[in-house]
Structure formats: C-alpha cells, structure tokens
Amino acid sequence: MTENSKTTLLLILSGLLIVMGLVLFWMWGYTTANQKAVDKIATAQAQKKLAAKTIAASISVAPDSAYVIKLNGLDKAIDSLAKNSDTLKTGIWNNINEFYALRQEINSLLQKQPNNANITAAAKKIEELQYRLKQLSTTNTEILNENKRLMLLLNQLKNLQAENNTQQNEPVAEETNSKVPVQSNITDKDPITTAAPEVISQSNFSSVFSASDLQLTAFQLNDGKTEETNIAGKASKIVGSFNFKNNSSQSNTTEVIVVVTQPNGKILQKSSWESGSFRTKEGKRMIYTCKLRNDYEAWETKRLLFTLVGENYASGKYSMRVYQNGIMLANYIRQLG
Amino acid sequence: MKISKITNFNSKLFLRMTIRLFTKFTVFSFFVSLVFGNLCFAQSGSPIKLRQSKVYAGIEVGSKGVKLSVLEVGKTAQKELRFNIIKDSSLNTDFISFNDRVFHNTLVALNGFFNYALTEKNIPSSRIYTVISSGVKVQAEKEANQAWIQKLIDSFRIKIKEPSRTVEIIDPINEARLSHLGIVPEERRYTTFLIDIGSGNTKGGYFPNGNTKNFRLFELTWGTKSTANATEKRLGDNNTIENFSRQLYRVLSGNAADEIVYAVNVSNAYNMSDYVAFSGGIAWATAVLMYPELIDNPVVPVTYDEVVKFREQLLKNYASLSTSFTVPDAIDDNDKQLALKTAKTVNKVFDQRSMLAGTGLLLNIMRQFEGVYEKKQFFLVKNGQVGWVSAYVRQDLEKEQE
C-alpha cells in the first residue's frame, strides 16, 4: 500500500465519523423536542379529566355517599347472618349476590362521564337497591324467627329425651303402650307376651323436616270387607301413615324414605320396582320399603300414606322408620300377635 | 370302475362314521351343557319364595344357538308376579350359517332341550314355549333362507310328534314387545320405556297408545361390545386404562351420541314415559355391583348421579368392585355369599374396559332423559333375557283368568 492511499483512507474514515456524529446530534435534538410536546399534551388531558371528575362528583355526590358508601358498611353484618343460617342460605346468598351486582353497576355508572341517561339509570338502580335492601331485611327477620322456633323445638326434644331416659331407668311393670327411645335394631328375640299393639313413636327434629304421629295398621279381608286386625296371620295388607312437616319457609319437592322391618329382621318391600337401597347420613347402606315423593309448601304438614299388600305376615314386632336425606326423622314399633 | 366303487364305498362309510361321531359329540355336549348350565349363563338372581308357583320352559333358537330357560313363576308374598330361573343352558349351533350340518345340530339341540324339559323337569308340553328369535329371522330374510326356518319347525314338530306345535318366528318389534310385557309390571306398562343394551346393539321401546298392540320400537347400532371395540381401535400404542377412558369419551361423543340423541328424539319416549328401565348384560352387571344388598331384587332403581359415581369408581378404584369387592351389612349371611358369588360372575363376564364401555353407553342414553324440568326414574333390570318367556306366561295366565 502506498503513502497516498493510506492518507486517502484516513480521510474517508474521519469524514464518516463526522457524518455519524452529526446524525446522532440530530437524533438527540429531535427526541428532546418531541418529549416536551408529549408532556404538554398529557398535562392538558389530565387537567381535562380532573375537571370532568369534579363535575361528576358535584352531580353524583348525593347517591354515592348516601347509599353506596353506607351500604358498604352493612355488608359485613349481612354476610354474618347468611353464614349463621342454614335453611335460607341459598335464598340469602342469591339476594346478596344480586345486591353486590347492583351496587357494582351503580358504581360504574357514577364513574362514567355524567349525562342525563346515566343519571336516570343510576336513579332507577338506586331504587332497586332500596327494594333489595328491604328484601334482605325481611329475610333477616325470617331467619331470626326461624332460629327462635328451632331453639324452642330443640328444647322440647331435649326435655322429651330426658323424660324417656328417666322412664327407661325406672322398673317397667308393663311394656305395652310405653314410650322408649328410638331403637335402631329390632330383633325377634324379645318375648312377645301379648297380642295387643305396642306403639313406640318418637320424632327427632334433626333436619328441616319432621315426622310425627306414625301409624302402622294391619287389615284383613272379611266377607269382602276390609277390617282392622291385630293378628298377623289374618292380615292381607299393612297400611302405614305419618305426618310429614316442613319446618321452613321454602316450598319444594322431596323424597321421604320408609323402612318397615319384619319380626325376622328383614325389610318388608312394597314391590321390586318400588323398593331399593339408600345411604344414611352415617354412611350405612340400607334397603328401604318404599319411597314417597312429597311436594311441600312453606310450613306445610301433610299426611303421607303407603300400603303393603301381602299375606301370611309373621307375628311379632314391626318397626317403621322414616328417613329424609339419609336422616332418620322418626321411628315407630307395632306388635302384631 | 373298481377304484371308483371302492372310493364311493369308503366315502359313504366315512360320512356315516362322521355323522355318528358328531351325533355322539352333540349329545355329549348337550348333557355337559345341561350339567353346567347354571355356570354357563350369568344373569340369574337368587331364588325367592313364590306362592302357587308353576315351572315353565322357554326354548329359543337364536343366531348363536339354542337356549333353554326353565323358570319357576309364581307370586311373591307381596302378590307380585315373579320368577326364579331354575336352569339356563345354551348350545352353540350357529343356525344362521344355514346349511345341512348346522340345521341338524340345531334340530338335535331343540329336540334335546324339549325332551329334557318334558321328561327330566316334568314340564307339560303346554308350558314349554318354543320360538325362533328375530336375529335368525332377519338374517334368513337377508339371504332368502326362510325355507331353512320352516324346515326346522316342521322337522321339530315331527320329532316331538306334535304337528300343531306353535313355534313363533319373532320379528324385532315383537321381540322387544314381548320383553316389555314380560319384564315391566302391568301397572307401569304404559309409562315405562324399556331399553335392552345388548353386546352388539341396543333395542327397546314402549307402548304409546295405552294398548299392547301398538309398540314404538327404539333401536341403536351401539352395544357394550361394539362400543368397547370402537374404543380399542383408537388406542394406538397407549394401552393404558386412562387412554381407554379418554378414547371411549371420544367414541361416545361422536357418532354414538348423534345416533342416541336422534333415536331418543324420534321415539318421543321422553314425553311419553315416566320410567326408563334398562335390561341386558351391562344393566345386570351394574345392578349387581352397585347394589349387592339388593341381590334378591330383580329390578334396582338408580339415579343418573349414582351411575356417574359408579363409573368413576370403575375407573379410579376398580379393585373395590372386583378383587376387594364387599357387600354391606344390610343383608344376612346367605344373601351376602350369594351377592359375592354373583359379583364374581359379573367380573368374569365383564372386564374393566367392557364395564366402562357399557356404563358409558348407559349414561349417554340416561342423559337424554335427565331434563331440566323433568327427570325420569331409572331402573336396572337383572333378568331381561328371559323376559319373553315371562310374557308368554303372563298371556297364558290372563287367558286362564278370562
């Protein structure tokens, strides 16, 4: 490489460096100028937003403070009531969810740019919110009343159990027509001394429903007429009945399971299409005699009936148990001679 | 000439010997089948004490072979007409091949079963029902082989010396109708939709017009085995049970689902029925494993959710339904032993995959009846296979009462 060509190369390199320096300088200048313009626009927009918020606040200050903020304070109290209630839990949760949704809607309306349509919508929703509040208040009262009533029932039950325990501990002269606690296993080992019917009935209020006044009656056919009998051998059918009470303000449909045990410990089945198996709350699998479907209204008591057609019934103790949702509501024992 | 004569002579001798040997073998296998009959067939329940009972026999010539069912029919203490299966035997003769050999085998079996019922079981001829099943009829019509059926009936009549013997050739609709009449009690006859889930197909129906003449047939080309086979084909290299379950879901969500939805809608059974009863092998197996405590009951009520749970148990805890199967304390020891024995038989007949396929199909059909506003009551029928005999018995009893 000659001396001249080296000099030319150095000159070109320095020229390029100068051009690059100029380009960088121009870019710096452009960015700085642009940033200042962006800051100016942002400041102007923030000022506009602040002004809009101030206007909105001045228009919507009354509903915002009077209802939404106040109701926020009530939420905790409503939650605790819902948690403490069993029977109306579903209903109350629905109401509370609706209430929350409504409140959210009002909040979002109030945060928007105020205009006539928004204000009208907010007013309507506030009215609805007031209505929901009334509903919640009514439900609350209902829960409190129901709790009071259930407490009374529980106290009655405790007293009844205490009475029964006392009676059981005392020496019993005659077993017939005496009340004893619920027996889960009925055996034919118990001596049968009389053909007179033995009635043992008790109801426990372990669920929303209760069963009472259980009856199991045997009938015989005499010259084409149906007559009541206490003799098992003569019976051609057994009719069972009981009062089924709904202790809540809700109306719905439920299935009531009846288990009738024969003196030999086997379950009496209505028919193979009507009997089956179910699981008790304790997890025990049991065969049932029949299932009764019941459409109930609030606080309604219904007399439910079933008929077991058969012949050559064995003499001894027949037990009838009523279950709902795996919980035994009542037990009854009838002796046939 | 000599050579040909000798050849001719030998072939005749050979033919005679073959026929003799074959006859001996058939008779032998027939008796073996009778001796072990109860082991051969699974779907039988425990004997119930019946009043005023009589013994009946039903002999059915089916596609696979000839089947004998001996039933004790009577009334329970609850005055419900029920039956106990005393004997249930079958001989595979493959009648639908329609040739001289299978014809001869079928005739021997038919005659043998008839004489067995008549002489060994002392059942009068009037209480022995003989039918040709719909499977044979359909196949014969396809191949224009109806003459073989008529020949069989005529030969049978000559053999048993009863020229006026009734041997009904049942068509699919009449078969489903008879099963319905035999299985479903009278008080639920017009409110129950009966579905028989077989191995290769599903059929059933209901009485839509409040009389037993009009029957609405319901048919599906899917059964327990065909569903399991379709799933097996999709497995590829991954033969795990998890993959089987996944692929089964694909099978049941595809063509099977379309066909089920269409068939149920067309049948109008949802609007016309209060109860839906399922029979067939998978219904029996599910009923036995789900409710062993109801071993005495020929019918078991179930809900959709219960079958869903059972299917989950099949997939995730199969041992609890097979090797470590237990029976609840709700029944006495005799019934417990019987329930355990029957469960063992179920597990021999159906493996985990067949059970999954069958219950999957069952649930897919059940889902069609799980409406938002109205849910149907479901039943699993255990002894559906002898429903037709029971139907004949009912018809005869009704005639006697008239």
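How many residues does the contact take from chain A and from chain B? It takes 15 from chain A and 17 from chain B. This is a predicted model: local features need pLDDT of at least 70, side-chain atom pairs count only at pLDDT 80 or more, and totals for chains, interfaces and linings use all residues. Residues are numbered from 1 along each chain as its sequence is written, while chains are lettered from A and ligands numbered from 1 in the order in which they are written.

**View 1. The side of chain A that touches chain B.** Residues are in contact if their C-beta atoms, placed from the backbone, lie within 7 Å. Strand 6 (276–279) and strand 7 (285–288) of chain A are the elements giving two or more residues to this side. Strand 7 of chain A gives the most, with three residues. Strands are DSSP runs of E, at least two residues, and helices are runs of H or I, at least four, numbered from the N terminus.

**View 2. The largest nonpolar core, with 94 residues.** Such a core is a set of buried Ala, Val, Leu, Ile, Met, Phe, Trp, Tyr and Cys residues joined through C-beta atoms within 7 Å. Buried means 20 or more other C-beta atoms within 10 Å of the residue's own, placed from the backbone. V258(A) and V322(A) have the most contacts inside this core. Helix 11 (residues 281–290) of chain B gives the most to it, with eight residues.

**View 3. An open sheet of six strands in chain B.** The order is 8-7-6-9-11-10, with mixed pairing. Strands pair if DSSP finds at least two bridges between them. Strand 8 (216–220) and strand 10 (299–302) of chain B are the edge strands. Strands 6 and 7 of chain B pair in the antiparallel sense over four bridges. T202(B) is the bridge partner of I197(B).

Definitions and conventions: Contact = placed C-beta atoms within 7 Å. Buried ≥ 20, exposed ≤ 12 C-beta atoms within 10 Å, placed from the backbone.
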